[in-house]
Amino acid sequence: MSSAPVQQPSESAEFSVEAVETALQQLYYDPDMAQKTVAQEWLTQAQASPQAWRFCWALLSPDKVPEIQFFGASTLHTKISRHWMDLPAEQHESLRSQLIAQVGHFSCGPKMVLTRLCVALASLILHTLLDSWTTAVPDLLRAFQGGEGSADVDVRYQALLEVLVVLPEELQTRKLSAECRAQLQSALTREWSSLCPLLRQILRREDAAGQVKERVLRCLVSWLALDVDLGESEGLLQDSFTLLREPELFDTAVETIVSSISQHDSQRFADSLLKMLPQVLALQEQLTKAVQDRDMETSHGICRIAVALGETHCRALLEQVDHWQGFQALVNMILSCTGMPGHYPVDETSSSLTLTFWYTLQDDIMSLDTEKQTLYLQVYRPLYFQLVEVLLHKARFPSDSDFALWSADDKEQFRIYRVDISDTLMYVYELLGPELLRNLYDKLGVLLTDKTHSSSWQDIEALLFGFQSIAETVDISYSDVIPGLLGLIPLITADNIHLAETIMLTIGSLAEWLADHPLMLPGVLRLVLQTLSNADLSVATVSTLKRICRECRHSLRPHSNDILTTLQEVLVKQIHKSTQSMWLMQALGYLLSSLPDEEVLGKLLSLLSPHIQQLERLANEMPSPASKLSIVHILGLLSSLFSTLDLNSQGGQEDVRAACSQPRTNPVVVVLQQVFPLIQNLLSKWLKEAEVVKAACAVFEKSLKTLIRDFAPLVPQLCELIGQLFSAYPQACALDLTGQLVHVFACEKEHFPPITALLEIVTSITMSIFQHGARDHPDVADSFMQLHTQVLKRKADVYLSEGLDIKVVFYCGILSFKFPETPTVKATCSLFAELISHWEDVPAVREVLQEDGLLLLQTLLEAVGGQSCTLLELLSEVFFSMSRHCPSLLSLQLRDALRPPGFPSALLTPEQKEHFCQQILREQASKWKVRDVVKEFSLLCRGLQ
């Protein structure tokens, strides 16, 4: 159905009922989106108009369709909530009567219209509750009670309950001052004692409809958010537990009970909690039956209730020492939920809910006074050993045939679940200590050596998983079972991929221990190197070898040839994916770092020769997608190797090198000098391919971070290459590499001149980018800001030269504030905070701030006036830097910036602007106070304060 387009009205135009209906028809049914938008804008104006107080009632007429009635109800809510002051006080009572009557008329539906009318009535109550209608709640109860017939009663109760449900919700969402909100909340909570009997009466009516009972439960949840007395709600909560037996109300009853238990202040009502405890424990029978019947929804709901009580009120219940047996029963109930039969997430979804509880219980026990702590440790230490058994059982893999039927999503959820169990085991170790490792070791020993016990690979994998979980993050260097564990591993027949993977990860978790016990390395390395050719175990095996090479590198010299030979073969055959190949190169870097200088260069060239030769072939080929991938891969291998090949980290080598009379050239530098022309040739052909350029820059950046000053021989030619790259095709990675050069060589006078020349080139080119529109290059803007922040921090005197103009940096920064990308604005804020700090020592900084500090402040204020909280902390650091380093300039320019009317927001008064100035100028010591001042000012600008 189409209609004539709605015309934009003039200010004096009449918003008639007919015009509104026409616009609604257009909004709902016109296929033209442009016409829908016009109608939407027109209807918004209509709702804001004075005529809306009249036409909203006409739209609620019974002969209108629900969509039109809904708009009428929404308009009424808009007028009451946003335009209340436009309505004369003498009309308040008639509005109230009309609105209550309309709620009664729509009590049978449509539901969407009834709800909107109830929200409007709730808004009216909040406007009048503290003055003209203090008896609002009792009056509502009287208005909607009475009459005859159970059907009529249910309808009236539904309307009443809908108002009672939305009333606290409207209070929570309304923008109010803290004082007004507190007064309204107090006024409503005083009515709770009179509401509770009525709600219980409705719940206990045998002929009450399920929908009515459900609304009672929703009402309870809504009012509990007002922090009403939990003691007064005991009867309703008891009835809620009873409703758990009714399937159609089960979910709502669970939500009600969990919400009630989870109220953050309910610890104040210890007696009520103790009364609730037997009611929760009484659910054990229903839980057991649900588990037997494989009723996942019911078991999940009951688990939620038990965990909510235990987790939220653990400390409060532990303090009730006289009732320790009741709480122990609850803990056992939660343990049974943790050990829910079946595999997560296919057979059950409840056990994951309980894991956080075990952290809470452990923390709360350990925080008690000594006497109570001793008592509870005697009770719960054995239970935590049981918990470990349960967790390891839950972490077991299903049979191979069952696991093959699982979806990819189920497998991923199971993986995450095992990570959560791993974290829990690690935390439990803090309570149980070395005895837990001994327990796991004894069980593993029985499985592997006692032939009278049959075992599956899942049992063995679960125990190794337990070891790995603990060793991954806890210092177990003092444990006496690790040698025995490493002795048991060769006895395992790893005929399953998951078991073999866990074996590797367990060995990897013991890398630090192996560094202190190098005699165990040969057997471990033999196993790891044998597994390295299995692509299915790629992640586990390669990560394990990398950890061993990193932690044990000073003990690997006797094994270096075996490792190098194996890794070279694996890399040439390309058994592993690109990421794992990078890890292997990092492992080789750690290994080579442990060798004598005279051995490194030969092994390095031998290792890299195949890759360099392949790179040369690719450089001579025509560019193609396949060759691009190969080039990026090989450059990635080089950068991964150089990121960990640090000859300066060799233990005991520094003194030897200091004693050498001959200057030493780092082997990495030799290799880089050899491949430099090759990389230069590659970049000439792949200049516009960001991935290739980024990969090439990464080779030098990783090398530079590792070599530090040993990189010096390459500085001139690298600066020349970066300048050529950036001149031909500006990319952020070139600026990042320049920043790294600045960071390392800022204090090296003999090496810094080519870096200075490079800074002049990239600054000039970036200025040109900003002049022609840098919006398409946010990454370049970001990196440019970071580069000059680094220069200001490390070598600010470079701006004293004529070739590098700080004004260029300043104006590029001003433009960068306009970027929508958060990282760019963040980098810009850091730049200006650092730049301003050089007000005293860099004359060019002082000059540009005196000339254009006003422009900076106007830009900042404009950003503050339109920003959410995300960037306010960063923007406030610029204000703080000005207040701290140039307060006199700030005092003059800040007031000038705020002088124009309506800037940075039409909502600000002159008094608020002056107050902001005074607060900013007062704070020169605490950036956190400045942040709060800026945040408050931003809220004022946006009308939220």
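**Exercise 1.** Identify which residues lie nearest the centre of the largest pocket, and how many residues line it.

*Solution.* The largest pocket has a lining of 20 residues, and those nearest its centre are Arg415, Arg418, Val419, Glu501 and Leu505. The model is a predicted one, in which local features need pLDDT of at least 70, side-chain atom pairs count only at pLDDT 80 or more, and totals for chains, interfaces and linings use all residues. Residues are numbered from 1 along each chain as its sequence is written, and side-chain values use heavy atoms, with hydrogens and water left out.

A pocket is here an open set of points on a 1 Å grid over the protein atoms alone, where a 1.4 Å probe fits and protein lies on both sides within 12 Å along at least five of seven lines, while lining residues have an atom within 4 Å of a point.

Next, the helices (DSSP runs of H or I, at least four residues, numbered from the N terminus) can be assigned: helix 22 (408-432), helix 24 (457-473), helix 26 (497-509) and helix 29 (538-551) each give at least two lining residues, and helix 22 provides the largest share, 7 residues.

**Exercise 2.** Determine which residues lie nearest the centre of the second largest pocket, and which helix gives the most to its lining.

*Solution.* Among the 18 residues that line the second largest pocket, His77, Thr78, Ser81, Arg82 and Arg174 lie nearest its centre. Helix 2 (33-48), helix 4 (66-82), helix 6 (111-128) and helix 8 (150-173) each supply at least two residues of this lining, and helix 4 gives the most, with 5 residues.
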